[in-house]
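Dear colleague,

I am passing on the structure below, and after it you will find notes on what turned up in it.

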Amino acid sequence: MTHAPMPGAERLAEPLRSRWSPSIFDPAHDLSAEEIRTLLEAARWAPSLGNSQPWRFVVAPRGSAAHAAFVPHLSRGNSGWVPRASLVLVAGCEVVEVKSPDYARYDLGQAAAHVTLQARAMGLHAHQFAGFDHEAAAVALGVPDHVRLMSGIAVGARGPADDVPERDREREQRPRERRPLAELTDPARW
Ligand SMILES: Cc1cc2nc3c(=O)[nH]c(=O)nc-3n(C[C@H](O)[C@H](O)[C@H](O)COP(=O)(O)O)c2cc1C
């Protein structure tokens, strides 16, 4: 089983239908520079308020200096699976001298979604995460004050489950659930 059934998702188009967030990445898989560039192009072409493009990414392929600087700041729960992914994009957005910092965050989220879908279209998987020490990571990565780190996007190929911590195996088996559609669209149920 790769993930639990997703009632209602059958009608979605690819790569939306097969997108999910695995926690078992192949530590022997590498991305080419060309693949990394394509993932970043997906973010680059996301829509944004006034075409402001407030997203910023620290590009940290496994084995790079940026990766080594970032990994110690992962939360305990993320420290097992994130380092096995081929690439981490540490994602932030401009929060100073932008028209609306709220929309900078909104736009970054959309750019991140583009990355996850482009990854799936390339036969890869992506798993976003917020569980890391944002302040310490910003210092370690030399992120300037006007950029606020928000998340990481781990990208890679799914790997063998044998040698990963039980916690990460268990995480993959959790049923994927969603609120009923009516709860999204009926203000009386908000
Ligand atoms: C902003 C954001 C932060 C997240 N933080 C974490 C995290 O720290 N650790 C983790 O394992 N998953 C994290 N996730 C993944 C979510 O738990 C996951 O997307 C959600 O459970 C739905 O599962 P799915 O992506 O497989 O559909 C995060 C996702 C987003 C969008």
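Glutamate 94 is buried, with a relative accessible area of 18%, where buried stands for under 20%, exposed for over 50% and partly exposed for what lies in between, using a 1.4 Å probe and protein chains only. The model is a predicted one, in which local features need pLDDT of at least 70 and side-chain atom pairs count only at pLDDT 80 or more, while totals for chains, interfaces and linings use all residues. Residues are numbered from 1 along each chain as its sequence is written, and side-chain values use heavy atoms, with hydrogens and water left out.

Salt bridges

The side chain of glutamate 94 meets that of arginine 56 in a salt bridge at 3.2 Å, N to O, the term being used for a side-chain nitrogen of Lys or Arg within 4 Å of a carboxyl oxygen of Asp or Glu. Glutamate 94 belongs to strand 2 (residues 87-94) and arginine 56 to strand 1, so the pair ties together parts that are 38 residues apart in sequence; helices (H or I, at least four residues) and strands (E, at least two) are DSSP runs, numbered from the N terminus. Arginine 56 itself is partly exposed, at 33% relative accessibility.

Arginine 158 and glutamate 172 form another salt bridge, at 2.3 Å, N to O. This pair links distant parts of the chain, with arginine 158 in the loop between strand 4 (147-156) and helix 5 (166-173) and glutamate 172 in helix 5, 14 residues apart. Arginine 158 is partly exposed at 30%, whereas glutamate 172 is buried at 4%. Within helix 5, glutamate 166 and arginine 169 lie three residues apart, about one turn of the helix, and their side chains meet in a salt bridge at 2.8 Å, N to O. By this rule the count comes to eleven salt bridges, and Arg37, Glu41 and Arg44 are linked in a network of them.

The ligand

Polar contacts are pairs of N or O atoms within 3.5 Å; within protein, one must be able to donate a hydrogen and the other to accept it, and residues adjacent in sequence count only if both atoms are side-chain atoms. A side-chain N or O atom of serine 21 is 2.5 Å from an oxygen atom of the ligand, and for arginine 171 the corresponding distance to a ligand oxygen is 2.3 Å. A polar side-chain atom of asparagine 78 lies 2.9 Å from a ligand nitrogen.

With regards
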